[in-house]
Amino acid sequence: MFWIATAIFVCAYAVIVSEKINKTKVALFGAALTLATKVLTQHDALHDVDLGVDWNVIFLLISMMLIVNIMTKTGVFQYVAVKSAKLGRGDPFAIMIIFAVVTAVASAFLDNVTTVLLIAPVTLLVAKELEVDPVPYLITEALASNIGGTATLIGDPPNIMIGSKAGLDFMDFLVHLTPAIILIMVIWLLFWKVIFGKRLVVGEVQKARILAMNENALIRDPVLLKKCCIILGLTILGFLLHGQLGYEPATVALLGASTLLLISGEDPQKVLEEVEWPTLFFFMGLFIIIGGTVKAGLIGVFSQKVIALTHPTQDSMLLLSMVMVWFSGIASAIVDNIPFVATMNPLLAELAEKVLGPTTGLTGPALYSHPTMLPVWWALSLGACLGGNGTAIGASANVIVVGLAEKAGYPITFARFLKYGAPVTLLTIIVSMAYIYLRYYVLGW
Amino acid sequence: MRIRHMMRTKLAIVGPDVTFAELLRTYRDMDSRLVYVVDATRHLLGVISSYDLLRTMLPFYLDSNLAKALPDDDAVILQAFEACQNRTAGEIMTREFVAVHPDDTFLEAEALIAEHGISVLPVLEADGQLVGAVSRRAILNALAAQCGFNSEA
């Protein structure tokens, strides 16, 4: 059983990394093999949250996709993007910074890919009007979306998975990760000012073109927009309170999405068609493959190795936290961060059981979110989300931006992305490490 | 009735190296729906419709909503034209086209047009040489004639 589960896991990972076959196909086939070889029973796969599909993650993702799909129809995202460009008074560097901040804030609440898909068309138009190269803008947005997505529980799938596994709520992420991301954004954009501040110059004619744009014409459906804003506001309020109210985040998101679907008058057939089903099935397949490795004991072996290497104790996991930021960062630049976090989650859970379980007497999420474990989860999140910035294929948002740029006639080579992405990854990982070290191991907040 | 007897043989034909600017002129000066891109031996390489021309001129990211934000002046259009005026017919053309043979029946052409929702079918010999085109209108006229509605002219 152990070797069957290991073989399925290793082969699936290898094929996903090689990108020879679509990752959803690989994950689903691997999941089917896990069940067919009886590594997991179908009951484990569909009904056991530790071994099978984490439906909290799936429904949270579906619900947020539904809300965004309906909101996109109002034209509000194009409005915000054009308004942002005008706020920069046509100054190319100011526009770059404003776009970065808007992308980061939007990504904290929306899916990263969705955010870049919404802002990139306007960026291409603005760059054309300004007669500047759109590539630095597009890469900046991909980086900003990956950074901003790290700030909240719902910003990036790894956070949704970590929150669900470790029983951490929206407020936990807001208190622990959002300050780190604000700090990282400030330092990164100061670094960007040094690089781009003086290089981006345009004439008055080009600036005037941006100011002549009319953002008010872009709102397609003001009534629907009003409904969307109310529901989104209530949903975010629900996220802020879900821990206290005793709801899972998926419950809050589903309540928001289904209410919006009910009052929007949109055709559910069309709205549901636009949900990214391949991504969701990729998640389901992965959960089952990794559940197989948990049950067969492979993850247990890994967690023993990690304990032997980093010597975590019930009082401090300093070395583990520091190693985790770098290990996750490097791994996520190479492997998709979703399978990476899906693997690390049960590993850290087993580690917590071995190191903290016997002395604290706690189990499940209460054990996983023990104060000694917390910095390790934050290290995993920061590393996994920020590491994706390293290469053109490190995160889905990067892949999308490269694709859109090529379609617009500005191909971005792997090396060119690396030139921007690698230094930013290095910088943000160093800041993350310093943040975790200072906050949890020096100041003890 | 065979296609051979109803196809038009006077077609707008260009080589693959013709530029967007020249294509725009060709399109303006003719009454056919398609421009046919052929090689030196008149083998059909691709077709260009008014849709292809408009799609080339407007960048993909400028959707109907985003276009509303732009001021209504010639500068935007001229800028778009300048960006693509040197693109060639070979780059713009649609390579996947549905065609018929001169000896195919008019019913086959009618079914093809209905299936694909297209307006004109190029007529090709077995070796791919372009010999004519049959339009939706020509088929409709033939249909009307068969049903007993003779042209007044």
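In the predicted model, helix 8 of chain A passes helix 24 of chain A in a right-handed crossing. Helix 8 comprises residues 135–149 of chain A and helix 24 comprises residues 414–442 of chain A; the two pack at an angle of about 30°, and their axes lie 10 Å apart. Helix 8 of chain A is therefore roughly parallel to helix 24 of chain A, since angles under 35 degrees fall into that class. On the side of helix 8 of chain A, the contact is formed by A:I139, A:L143 and A:I147, which meet A:F417, A:Y420, A:G421, A:V424 and A:T428 of helix 24 of chain A. By class, the residues of this contact between helix 8 and helix 24 of chain A comprise 6 nonpolar and 2 polar residues, with no charged residues.

Helix 9 (residues 157–166) and helix 19 (residues 337–355) of chain A pack at an angle of about 20°, with 9 Å between their axes. This angle makes helix 9 of chain A roughly parallel to helix 19 of chain A. The crossing of helix 9 of chain A with helix 19 of chain A is right-handed. Helix 9 of chain A contributes A:P157, A:P158, A:M161, A:I162 and A:K165 to the contact, while helix 19 of chain A contributes A:N337, A:I338, A:V341, A:A342, A:N345 and A:A349. The residues of the contact between helix 9 and helix 19 of chain A divide into 8 nonpolar, 2 polar and 1 charged.

With regard to the overall fold, chain A contains 24 helices and 0 strands. Its radius of gyration is 22 Å, close to the 22 Å given by the globule rule for 445 residues, so chain A is as compact as a globular protein of that length. The C-alpha trace of chain A spans about 70 × 50 × 45 Å along its principal axes. Of the 445 residues in chain A, 51% are buried. Among contacts in chain A between residues at least 6 apart in sequence, 80% join residues at least 24 apart.

Methods. Residues numbered from 1 in each chain as written. Chains lettered and ligands numbered in written order. Predicted model: local features only at pLDDT ≥ 70, side-chain atom pairs only at ≥ 80, totals over all residues. Axes fitted to C-alpha atoms, helices over the stretch in contact; angles between N-to-C directions. Helix = DSSP H or I, 4+ residues; strand = E, 2+ residues; numbered from the N terminus. Parallel < 35°, antiparallel > 145°, perpendicular 65-115°, else oblique. Left-handed = near helix turned anticlockwise from the far one by under 90°. Contact = placed C-beta atoms within 7 Å. Nonpolar A, V, L, I, M, F, W, Y, C, P; charged D, E, K, R; others polar. Rg over C-alpha atoms; globule rule 2.2 N^0.38 Å. Buried ≥ 20, exposed ≤ 12 C-beta atoms within 10 Å, placed from the backbone.
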